[in-house]
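This briefing covers two topics: one residue and its surroundings, and the contact between two chains. The sequence and structure come first.

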Amino acid sequence: MQMPVANAEIIASKAGIVARLRNLLPDGAVIDDPVETKVYECDALSAYRCAPLAVVLPASTAEVAAVLRACHEMKVPVVPRGSGTSLAGGAMPTADSIILGVARLDKVLETDYENRFIRVQSGRTNLSVSGAVESNGFFYAPDPSSQLACAIAGNIAMNSGGAHCLKYGVTTNNLLGVTMVTMAGEIVELGGAYLDSGGYDLLGLVCGSEGQLGVVTEATLRILAKPEGARPVLIGFDDNAVAGACVSDIIQAGVLPVAIEFMDRPILEAVAKFVDAGYPDAEALLVIEVEGSEAEINHQLALITKIAQRHNPVEIRESRSAAESANIWKGRKAAFGAMGQINDYMCLDGTIPVSQLPLVLRRISELSKEYGLDVGNVFHAGDGNMHPLILYDANKPGDLEKCEDMGAEILKLCVEVGGCLTGEHGVGIEKRDLMYEQFNGDDLEIQMAVKDVFDPEWLLNPAKVFPLDASEARRG
Amino acid sequence: MTPSSEKELIQVMADASGPLNIVGGGTWQARNNAEPLYTSGLSGVTLYEPEALTLVAKAGTSLAEIEILLAKNGQCLPFEPNNLAALQGVKSTPTIGGVVATNASGPRRISAGACRDSLIGVRFVDGSGTVIKNGGRVMKNVTGYDLVKLMSGSFGTLGVLSEVSFKLLPAAQASASVLVVEDEKTCAATMARALGSPFDVNGAGHVDGVTALRVEGLSGSVAYRATALAKLLGGEIGEFDWQVLRDVQAFAGQEGDVWRFSVKPSDGPVLAAELRRLGAQQIMFDWAGGLLWVLAPSGMDMRKAKYKGHAMLLRGNALPVFQPRPAVIAALEKALRAKFDPKNILNPDWMT
Ligand SMILES: Cc1cc2nc3c(=O)[nH]c(=O)nc-3n(C[C@H](O)[C@H](O)[C@H](O)COP(=O)(O)OP(=O)(O)OC[C@H]3O[C@@H](n4cnc5c(N)ncnc54)[C@H](O)[C@@H]3O)c2cc1C
C-alpha cells in the first residue's frame, strides 16, 4: 500500500510541536514516547503500520478545538481516532501526523426518554450507549459486531452498520446531531434533538466522511423502545443460490425481519471448530430474526418457514428459548474469530443488488480457485452487504499481495453488477485506489471540493478516501 | 426550457448564464421572474426490482405514477411523501425530484425516517453543466462522501437532479389508529408514552382535540398492538385520516400564511401556546409533537416566538421562507453552494 511521503520538516520540528501541544492540555494528555505511541500505529487493518509523530487525548470539546487550532497554525496533519477498530485503515497515521484520540471523551451528557434521544461524548463505546438506556427499556439500534470496542466517533465517521440495520437503518439514520470542530478550530453544532434543522443536510454529509471534514466530539443519538421480544430461526440449504432466492422471496412477501444473516460452508466449518453452535450440515445457512410480541413472532416465523419450505431446506430450526436463540447467534457472532483461528484473513465489504447474489457467490468461488486462496462468506443478506473473508498467510511472501489482488477483483465485480466497494467499513486507505472503479473524475472532484470547504489545506486525515494521485495537488 | 434528456440538461446548464428556477411539479412557486427550467421531460421509471426493494426513476417522473406502480406490487416509499399542491393552491402533481429537493416526508418519518433516509442514489447536473453521480442502487453504501443526503432538501440549489434511487418497504397489510381525546397541552406526553412503548407506533399526531397514534403491519399484529396501545393510553381504536394531516389539507383554501416548525417533541405544545398568543389561528401536530403546521394571518412573523429548532414559511409572501442560519454554518453553506453552482444561477430564491 502506497502512502504519501512524510513531510520531513514537520518530523524535524517534533520537539516544538509536542511542547506546544503540552502547553494546551493537562498532564499526560500528550504522548510522544515511541514505546507508547506504538499502539496507535495501526487500526484493525493491521497489515499496515506507521507510528505517528505524537498522540493527543483531549477530554473536552474546548481542548479538541485548542489542539486543532494549534495544528492548523503549525500546518501539522491530524488523524482522528476513536477505538481503532477500522477495517479500512481509516485511523492509520502517517509519520508526520498527530493522532487525536477521543477515548477520554466518554461521558453521557443527557438522556431524554420523552423525546427518545441520548447525547454522549463521541469516545463512548457503541455498546455502552445502549447500556446507558437499557434499564429504561430503550436501546441504540446500530450494532456493529465490534460494538464492545468501537466508539460512536468511529461509527459516525464510517457510517457503520450492524446486523439489525435491515429494520433500523445504519448510523446516519439514527444520528440526530453532532458537535464538531473544524480543522481551523471552529466549533459547529449540526442538527439536534429535533428532526429538521433547515439548510443543507450537513449532518448527513459529515456522517460517513471518515474524519476528513471535522472532529466530532459529541453526538445526539436516537434511542428506541425495545420490542417485546425477538427470536431467530435458522434455515440450512444445500445450495448457496437457493438460499439467496429464499432471501428474495421473504423480502418480497412483505415480512420485514430485523436481520437476515448468511453463512456459507467454509464459514460453517470454521465456526464448528471454534464454538459449539450445533449448526446443521449445510452449504448455506440463514439466520433470520423477527421481533414483536410472542404471537407476532410466531406469526412471522410461520410465514418465513412456509416460504423457506418451498426451497427444500435441509433444516429449519426455530428457537424455542432464550438459550436456543443465543446458540443460533453464537455461531454467527463467532464467524470472524473462527476464520481468524485458521489463518490471517482480509474482510471485504462490497454491497450488491440482492438479485445478483447467486452470480456473485459463484464468481467468488471461481476466483478462490484461480487464486488458490480459501474464501468464506458471511454477510447481511437482506441488504446485499457481502463480507467475503479471504484467507492468506501473512508470513508467506507475496500472499498478502495475492489476497489484495483477489479482493480487488471481487470488489470490481460488486461495482460491475450494480453495487459498491464498501457497504459499512469505509474506504480508508484500503479501497482508496479502487475509487476509480466506482466514480469518474467529476464524481471525485466534487467530493474533494466538499473537503476544500471544510478543510481548505487538507490537514485532516488527508491521505484517505481519495486515490492518492487524485488528491495529490490538494494535499500540498 | 424543458430538456428531454440528461444530455440536453447538461447542455442547458453549460450554456446558461442567467438565473434559472428549477420547476418539477410546481408546488413551490418561485417569487422571481427568472427563466423556468422544467424537469418534466426527464420522466420514467428506469429500474424497479421488487425483490430487492429498489426503485430508480428519472427526476421528472410524477409521484403519482410511482405510487401507483409500487401499490400494484404491494410496496411503498417508506417516508410517506406529502403532496402540498392543494395547500399551496396550485393544480399540479409533485415530481419525485421535487420530493427529494424538498426532502418531503410525512407522518411515518418518526419511524421510517425522512426522504433522505430512503434515498440511496442520485444523478444530477451541477451549475456548470457537469453530471455527477453519488450513492447508487444498493441499500448500504459508504463509498465516498454522502452527497445523496446533501442533495436531499437542498431545494435545487446545488444541481438539477436527473435521476433518483430509493429503497422501498412492503406496503402495510393493515393499519389502525388509536385516538385519545385531550387538550393539545398534554398531547406530546401521550405521544411520548406511545413511542416509548414496544408497539411500533409509526404515526403520532394531534388535530382538533384528538391525539392519534397509528400502527401498521401484518393484520393480526396490528390488531394486537392497537388494542394494547389503546389500553395503555386510555384511548379507543377509531378512524383518523393520516393523509389529511400529511398534506395539511385542513389549511388548503383558507386565508393566511402557513408555517412549519420543527422542534423537540416535548417543546411542541409549549411553542403552540406561544404561537397562539402571537396570533396563530390553527395549529396541527405531527411527528409526536415535533412538527407544527401553523395557520397565521398573512405577514405575521411567527419566528418572533421563542423556540429551539427550525421554522419555515411554507405559504406566504411577506417574510423569508427559510430561517437564517448560524454564522459558521451559513459560511459553510455559502462556500458549498459556490462549489456546486459557480455561476450562481440555480434557484436564486431558495435557501437564502
Ligand atoms: C471484529 C470487527 C467487527 C466489525 N464489525 C463491523 C460491523 O458489523 N459493521 C460495521 O459497520 N463495522 C464493523 N467493523 C469496523 C469498525 O468497527 C467500524 O468502522 C467502527 O465504526 C470504527 O470505530 P472506531 O471507534 O474503532 O474508529 P477508528 O477505527 O478509531 O476510526 C475510524 C475512522 O473514524 C475516524 N474518526 C475517529 N474518531 C473521529 C472523530 N472524533 N471525529 C471524526 N472522525 C473520527 C478516523 O479518522 C477513521 O477514519 C468491525 C471491525 C472489527 C475489528
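In this predicted model, the side chain of Thr211(B) makes a polar contact with the side chain of His206(B), at 2.8 Å.

**Thr211(B) and its surroundings**
- Thr211(B) lies in strand E12 of chain B, which spans residues 210-217.
- Thr211(B) counts as buried because its relative accessibility is 0%.
- A polar contact also links the side chain of Thr211(B) to the side chain of Glu182(B), at 2.6 Å.
- Leaving aside residues up to four places away in sequence, Thr211(B) touches several residues, among them Val178(B), Leu179(B), Cys187(B) and Met191(B).

**Extent of the interface**
- Chain A brings 89 residues to the contact and chain B brings 72 residues.
- About 6,500 Å² is buried between chain A and chain B, and carbon and sulfur atoms give 60% of that area.
- Asp196(A), Tyr200(A) and Ile446(A) supply 13% of the area that chain A buries against chain B, more than any other three residues.

**Polar and charged pairs across the interface**
- Eight salt bridges are counted between chain A and chain B.
- Arg116(B) and Asp201(A) form a salt bridge, with their closest N and O atoms 2.8 Å apart.
- There are 28 residue pairs in polar contact across the interface of chain A and chain B, both residues at pLDDT 80 or more.

**The side of chain A that touches chain B**
- Elements that each supply at least two residues to this side include strand E9 (187-191), helix H9 (240-252) and helix H17 (441-454) of chain A.
- H17(A) gives the most, with 10 residues.
- By class, this side of chain A has 37 nonpolar, 33 polar and 19 charged residues.

Conventions: Residues numbered from 1 in each chain as written. Chains lettered and ligands numbered in written order. Predicted model: local features only at pLDDT ≥ 70, side-chain atom pairs only at ≥ 80, totals over all residues. Heavy atoms only, no water. Helix = DSSP H or I, 4+ residues; strand = E, 2+ residues; numbered from the N terminus. Buried < 20%, exposed > 50% of the residue type's maximum accessible area, 1.4 Å probe, protein only. Polar contact = N/O pair within 3.5 Å; in protein donor to acceptor, adjacent residues only side chain to side chain. Contact = heavy atoms within 4.5 Å. Buried area = accessible area lost by both parts, 1.4 Å probe. Salt bridge = Lys/Arg side-chain N within 4 Å of Asp/Glu carboxyl O. Nonpolar A, V, L, I, M, F, W, Y, C, P; charged D, E, K, R; others polar.
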